[in-house]
Amino acid sequence: MKNLILILSILLTSLNILSADESHQPYDITLNVKGLVCDFCARSVEKTFNKTKVVESINVDLDNGLIKLQLKEGKTLSDEKIKKLIKANGYALESIHRNK
Amino acid sequence: MVMIVSKTLLFKPLLSILPFILFFSASFCFLEARPISYPGSWTFMEQHNWEKTLVHIHYSPNAKNSIGFLGAYYQEEDDRLYAMQWNHLLFRKNQKKSQSNLYSKIHFGRLEKTKNQTNVFHSAFNLSFDWETRKHFFLYAAEIEHTDEKLTKSNTFHQKAKIGIAPYVAPYGSIHTWLMLQFEHHPDDPNFDNHFILTPMVRFFKGDYLCEIGLNSNNQILFNTIIRF
């Protein structure tokens, strides 16, 4: 039983390490969002922003309630559009910080 | 007889402390059952427990509503249910480290009763409240079911509560694990063994996939899955 628990712990830890996001790229927009507590929430905002066709990559930080967006070259995303997308997903937008 | 007595002894004290358990769980934090997904998405839900095997496939046109097919097979009675279900988000409170929701669920459909060789109208109304953080989870749900029997109309009530704790907090995209305990109360069930059911379970959650595996106090298996796409 102890061995089983040990093997399961090692397996879960390994999978977490393998699947952890290790990107350190700078992001154009950082959103401070309330209500992001699980992967379903993160997946929903990720899919919604990907549908806009202007987002190159997205990083969701559940620990701090942050959504980081990198836009495609020459593309823009207005504050109004961001507010609308976050609200449509059922979450509350606290602030928008633009890095450029 | 011995089993009935021992269960009574076990569950009577449990019932008396249930409100305190719920209160303290609520004081920590909770998570949910998410019957609605993001706008334009589909969800597949499967539940297998002591009572039934259930499939619910629904579409969410927006973040407050979902509608879809509900099919269930009741093992003991050999009955089959075919219904349409509407899920509605009545209230949501978003906070920095938590989210709480109040949902209503209603379904209407046809129940094929094998023993009587009849089809009857069946409906149910469910209210569920959940609260979750990244470490704690709580759910309370109450449901009234209505079945048009041949000569009489029957209404049954049941309720459940679920508390959970995550032994570790994993980043988005990793495998999340939850240790959970589910309390069920089915006062109208003809079998006394099913009046109070306790189910310890483990939940695995990654991205769009969630599954729960448990074994209840009557040694019956629970297996639930959710897939979003």
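Modeller: In this predicted model, the sulfur of A:C38 lies 3.5 Å from that of A:C41, the closest cysteine sulfur. A disulfide requires sulfur atoms within 2.5 Å, so this separation is too far for a bond.

Biologist: How many disulfides does the structure hold over all chains?

Modeller: The structure holds zero disulfides over all chains.

Biologist: Why is A:C38 called buried?

Modeller: The limit for buried is under 20% relative accessible area. A:C38 has 5% relative accessibility and therefore counts as buried. A:C41, with a relative accessible area of 0%, is buried by that criterion.

Biologist: What makes A:K47 and B:D208 a salt bridge?

Modeller: The closest N and O atoms of A:K47 and B:D208 are 3.0 Å apart. The cut-off is 4 Å between a Lys or Arg side-chain nitrogen and a carboxyl oxygen of Asp or Glu, so the pair qualifies. Across the interface of chain B and chain A, the rule finds four salt bridges. Residue pairs in polar contact between chain B and chain A number 15, both residues being at pLDDT 80 or more.

Biologist: What is the area buried between chain B and chain A?

Modeller: The value is about 2,800 Å², of which carbon and sulfur atoms give 54%. B:Y38, B:K96 and B:Y172 supply 30% of the area that chain B buries against chain A, more than any other three residues. The contact takes 34 residues from chain B and 31 residues from chain A.

Conventions:
Residues numbered from 1 in each chain as written. Chains lettered and ligands numbered in written order. Predicted model: local features only at pLDDT ≥ 70, side-chain atom pairs only at ≥ 80, totals over all residues. Heavy atoms only, no water. Contact = heavy atoms within 4.5 Å. Buried area = accessible area lost by both parts, 1.4 Å probe. Polar contact = N/O pair within 3.5 Å; in protein donor to acceptor, adjacent residues only side chain to side chain. Buried < 20%, exposed > 50% of the residue type's maximum accessible area, 1.4 Å probe, protein only.
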